[in-house]
Amino acid sequence: MANYSRTDRVSEEIKRELAAVIRELKDPRLPQMTSVVAVKTTKDLKYAKVHISVMGDDNVKKEAFEALKSAGGYIRKEISRRLNLRQTPEFKFIEDDSIEYGAHIEKLLKDL
């Protein structure tokens, strides 16, 4: 059995709940193809880097990250309400293009 640290378990819980909260946001700047790829929290659980993948052009991505940044307080409050943690981490949203890159590679393989 693998030995997971508490921060790894908390990161996974935050990732699952964060994906649900982002889906529920009513901001029109957020496209449907927005997904949480990974969450990395610090050992003291004060900060969390959230890797977000957004499908679309650069303008769509920019607007999506602006929407996430403006909704940061609401997102943190919702995560605090859903998870029973002493301290809810402050989120920093980071662009992740791994899903888009995977789709590009799949298209290249299909064309061969």
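Is L109 buried or exposed? At 57% relative accessibility, L109 counts as exposed, where exposed means over 50% relative accessible area, buried under 20% and partly exposed in between (1.4 Å probe, protein chains only). The points below set this residue beside the core and the sheet.

1. Basis of the model. This is a predicted model, in which local features need pLDDT of at least 70 and side-chain atom pairs count only at pLDDT 80 or more, while totals for chains, interfaces and linings use all residues. Residues are numbered from 1 along each chain as its sequence is written, and side-chain values use heavy atoms, with hydrogens and water left out.

2. Surface patch. L109 lies in helix α4, residues 98-111; helices (H or I, at least four residues) and strands (E, at least two) are DSSP runs numbered from the N terminus. Together Y101, I105, L108, L109 and L112 make a nonpolar surface patch of about 570 Å². Such patches consist of residues with over 30% relative accessible area and no salt bridge, nonpolar side chains (Val, Leu, Ile, Met, Phe, Trp, Tyr) being joined within 5 Å and like charges within 9 Å. A salt bridge is a side-chain nitrogen of Lys or Arg within 4 Å of a carboxyl oxygen of Asp or Glu, and areas come from the Shrake-Rupley method with a 1.4 Å probe.

3. Nonpolar core. The largest nonpolar core has 25 residues, and L18, V50, I52, L68, I75, F91 and F93 have the most contacts inside it. Two or more residues each come from α1 (6-24), β1 (34-41), β2 (47-54), α2 (58-70), α3 (72-82) and β3 (90-95). The largest share, 5 residues, is that of α1. A core here is a set of buried Ala, Val, Leu, Ile, Met, Phe, Trp, Tyr and Cys residues joined through side-chain atoms within 4.5 Å. Leaving aside residues up to four places away in sequence, F93 touches V50, I52, F65, L68, K69 and I75, contact meaning heavy atoms within 4.5 Å.

4. Sheet. Strands β1 and β2 run antiparallel and are joined by 7 bridges, whereas β2 and β3 run parallel with 6 bridges; pairing requires at least two DSSP bridges. H51 of β2 stands opposite A38 and has I94 as its bridge partner in β3. The β1-β2 hairpin has 5 residues between its strands, and L45 in the turn has a positive phi of about 60°. Because 6 of its 8 residues are buried, β2 is largely enclosed by the rest of the structure.

5. Helix α2. V60, placed in α2, is partly exposed at 30% relative accessible area. Beyond four places in sequence, V60 touches P31, V54 and M55.
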